[in-house]
Amino acid sequence: MSDVLTSTDILSEDDIIAAAMRASRILSTLVQDGYDEIKDMIFRLIKDDDLMLDPTLCLMYRMAIRIKAKGTKDNPMPITLPAMIDEYKKRHHFNFKDLPKAKSPDEIGHVMTTLLLNYEPYRLFTIAHAEVRAHVQWYVSCQIAMVDAYKAKLLREGHDMDWVESRHKAKVDLYKQLLPVESESFSDQIRQTLLSMRAVPTGISTGLIELDRYMKLQKGCLYYIGGRPGVGKTALALHLIKLRQISNRRTIFISLEMSKEQLIARLFCSVGGIDYINLKDRSLDEAPLPVVERIVEAAESLASQNITLVDKGVTDISSLTSFCKMIKEKEDDLGMIVIDYLQLLKGSGTNKNQMREQEVSEISRSLKLLAKECDCPIVCLTQVNREAEKRMDKRPGLSDLRESGSLEQDADAVLMLYREDYYNKEMTQDSGMLEIIVAKNRHGSLGTAKTKYDRNTQTISDFT
């Protein structure tokens, strides 16, 4: 196996075995007669022979490329077992410099015969395409994860942050170039659009009747939730990850502000209907028995949900995107990604002279691309500036988004939160009402949904 892919901290043994089997089957498909369309697809998707993992397989794949290059479009050279062995013997000494662990020419016949006996070639194009594409994406994700781990190691050792960041970005970009880029024909895109127009409009309910009238959560969309500190942004995010259509799939919650203990305590309160005062600054042993019982029930309920909660290690947009893509590779179907919150996230650091507004623009654009690539909603919390507090009507609008107007541009929807009792502490009328202002909605209408916010239990529900 490649020395780069030997860290047990990143890869499981099952992952490595499955990848080695895919690589072997890819190579056996190239050597078989026929399957020209599948062979062309393999060469198109695999742009680096390192993806074959084993030095011997890497060298044999390199020989297959050479044989293909000798032919022409009208008269292609057959990539057969004898041709591979002959080419291997000719080129082994030349390639020995960078692949010293590859098998000798005398052993290659046995290796190739073993491959052909043990690995059936891909016969169906759709299956072959999916398997080869999965193999490439797995390799790239692993390499990026390795680079991220090495970056963290260098930073812990005290190396200059700018130096580490620049080299990390260059390496990640290099691996990303290996990812296959597929294009569909325009006629296929038209057909898919017509099919989608005939289907019943879909979307994930927000669990709030009034908000559903304006919007539902859509895969591949980016949502910003804005508001002043303490108005209820995190509570709304926690409400969304508890939705049934979200919670039965892997959900990623990246907290840049609160610790995992603080967030889980909030979830306990929300799920169990527990007053947060019973948990704040108090040992669990000191809590009343009914409260303890409800906490245990809430813990059991939450333990069954597929939530990945991260409160350390993800500080910039590069590490965030690579981490989410790695989870996507393993889980395939993500329910939602939540970031709490935008202003604590750093850019890639490639431009040292970059202003913060440009940095936020880069982050916002990367989040939009990540939503499309992971095919799930991304909910990002963001603060608003103080301008709204200077107005008579203190409800925030799009112009109040802090640090960058590109947030409005990239977002599919922007939700602004407002509570009257946030500004008027003595009021009793409408106390507990949380207004969710749909300030931008690319796939629906604008308006204000009135909901009930219980600060004690951190729950948001329909206002009745």
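Trainee: At what angle do helix 14 and helix 15 pack?
Mentor: About 5 degrees, with the axes of helix 14 (residues 317-331) and helix 15 (residues 356-374) 11 Å apart. Helix 14 is therefore roughly parallel to helix 15, a label for angles under 35 degrees, with over 145 roughly antiparallel, 65 to 115 roughly perpendicular and the rest oblique. Axes are lines fitted to C-alpha atoms over the stretch in contact, and angles run from 0 to 180 degrees between N-to-C directions. Helices (H or I, at least four residues) and strands (E, at least two) are DSSP runs numbered from the N terminus.

Trainee: What are the ground rules for this model?
Mentor: The model is predicted, so local features need pLDDT of at least 70 and side-chain atom pairs count only at pLDDT 80 or more, while totals for chains, interfaces and linings use all residues. Residues are numbered from 1 along each chain as its sequence is written, and side-chain values use heavy atoms, with hydrogens and water left out.

Trainee: Ser406 next. Where is its place?
Mentor: In helix 16 (residues 406-410). Ser406 touches Val360, Ser361 and Ser364, leaving aside residues up to four places away in sequence. The C-alpha atoms of Ser406 and Ser361 are separated by 5.4 Å, although the two are 45 residues apart along the chain.

Trainee: Why does Ser406 count as buried?
Mentor: Because its relative accessibility is 12%; buried means under 20% relative accessible area, exposed over 50% and partly exposed in between (1.4 Å probe, protein chains only).

Trainee: And Gln305, where is that?
Mentor: In the loop between helix 13 (289-303) and strand 3 (307-310). Gln305 counts as buried at 17% relative accessibility. Apart from residues up to four places away in sequence, Gln305 touches Ile241, Lys242 and Ser247.

Trainee: How many cavities of 30 Å³ or more?
Mentor: Two. On a 1 Å grid over the protein atoms alone, a cavity is a set of points where a 1.4 Å probe fits but cannot get out; a pocket is an open set with protein on both sides within 12 Å along at least five of seven lines, and lining residues have an atom within 4 Å of a point. Grid points are joined across faces, edges and corners, and a volume is the space filled by probe spheres set on the points.

Trainee: What lines the largest cavity?
Mentor: There are 13 lining residues, and the closest to the centre are Arg228, Lys394, Pro396, Leu417 and Tyr423. The volume of the largest cavity is about 70 Å³. Its lining has eight nonpolar, two polar and three charged residues.

Trainee: And by class, the lining of the second largest cavity has what?
Mentor: Nine nonpolar, one polar and no charged residues. That second largest cavity has a volume of about 50 Å³, and its lining includes Thr206, Met215 and Leu415. Strand 1 (222-227) and helix 10 (233-241) each supply at least two of the lining residues.

Trainee: What gives the most to the lining of the second largest pocket?
Mentor: Helix 10, with three residues. The volume of that pocket is about 380 Å³.

How values were computed
Ala, Val, Leu, Ile, Met, Phe, Trp, Tyr, Cys and Pro count as nonpolar, Asp, Glu, Lys and Arg as charged, and the others, Gly among them, as polar. Contact means heavy atoms within 4.5 Å.
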